[in-house]
Protein chains: 2
Amino acid sequence: MTGKGNLIILSGPSGSGKSTVVFRAIEERSDICFSTSVTTRSPRAGEVHGREYFFIDQKRFDEMVANDELLEHATYVNHSYGTPRNYVEEQLENGMNVILDIEIQGARQVHEKMPEAITIFIMPPSMEELRRRLESRGTDTQETIEARIARARHEIQEADFYDYLIVNDNLDLAAKEFSAILTAAQCRFDKELAAKLVK
Amino acid sequence: MTGKGNLIILSGPSGSGKSTVVFRAIEERSDICFSTSVTTRSPRAGEVHGREYFFIDQKRFDEMVANDELLEHATYVNHSYGTPRNYVEEQLENGMNVILDIEIQGARQVHEKMPEAITIFIMPPSMEELRRRLESRGTDTQETIEARIARARHEIQEADFYDYLIVNDNLDLAAKEFSAILTAAQCRFDKELAAKLVK
């Protein structure tokens, strides 16, 4: 096990319980943090620069793209979002496993720039269960729910480049599996460490 | 997580504590077993066919080699030893993680035949510690100890095709890491499972 953390790319449909799995794992270990994104949108009430997001203007954002300072970026509803490479690398150096909660397109971008990143896809145990979870949240219209389910079906077919697939049927088990993947990643064969051991 | 177990190739110098790590992990989970080898040597007092080894004659051994029934084989001091493919595959089907405690040469053979096998190398935290452990066992001459240390130095340089490196400094931590690697292996992205989830 080396002192550095790993970059963990985490994807999965809305309703798969991604964040809940990570928060449950964080209860058991302190070497996990979420990445903080940059965004060009304005802070909402209560949002703090450097906590929810790093709030920057479009000029600075374009500069970060041009300088390859972002591991991935995308635009939603006229605002740009991205993952700052420097921030991620600092956390990794501090021994933190940095979680990137992003979609498959972003995952592909990051994976190209940091091929040593670990990719995890989280799925609910069935489409019926996904529907049940989305309905019980009560925040989406029936139309949105159908769209989310169709999207989940499509995404999993695109996801076959992911290293791991966690089926979130039981939260404790899913969190244990997530944590095990992080621990295993820290044990990947490391030539420098091997050389040190026989000095 | 699928129902099948994984083949775990485990190597490391004498004194690295390989078996102790596995036995500690077995205390916590019941889906781990050691593989049982075939051998042409005669059973010693107390050894049971199918427990310590499958005892077979040279003719049957040669037949197994010819029929590709062995995942790896080697000869020591006029006796032949090998890992029976059938036995291993049955255990894997039963959901067991099968541990092959073999040297690097055998690991290469198995890895070619079963590329999905997980390879783990276990090392003591330093050569001084390895010497201390070998000396405290009191079973080896000083000459044998020096030979074992030289061999460990050599082996780790050959071991760079292994997936994982566990430093066995603290037994509980090493067993936890070993167990995490097994759990992570069971979560590897599985296309069949992915297809089932969206049915």
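Rotate chain B by 180°, with 0.0 Å of shift along the axis, and it superposes on chain A with an RMSD of 0.0 Å. In chain B, the C-alpha of A180(B) is nearest the axis, 2.2 Å from it.

The model is predicted: local features need pLDDT of at least 70, side-chain atom pairs count only at pLDDT 80 or more, and totals for chains, interfaces and linings use all residues. Residues are numbered from 1 along each chain as its sequence is written, while chains are lettered from A and ligands numbered from 1 in the order in which they are written.

Now the interface. Chain B puts 30 residues into the contact, and chain A puts in 30 residues. Two residues are in contact if their C-beta atoms, placed from the backbone, lie within 7 Å. On the side of chain B that touches chain A, α7(B) gives the most, with 5 residues. That side divides into 21 nonpolar, 2 polar and 7 charged residues. Here Ala, Val, Leu, Ile, Met, Phe, Trp, Tyr, Cys and Pro are nonpolar, Asp, Glu, Lys and Arg charged, and the others, Gly among them, polar. Of the interface residues of chain B, 100% are also interface residues in chain A, so the copies meet through the same surface.

Next, a single chain. Chain A has 8 helices and 9 strands. These are DSSP runs, numbered from the N terminus: helices are H or I, at least four residues, and strands are E, at least two. The C-alpha atoms of chain A fill a box of roughly 65 × 45 × 30 Å, taken along the principal axes.

Note on methods: Copies are superposed by least squares on the C-alpha atoms of residues with pLDDT of at least 70 in both.
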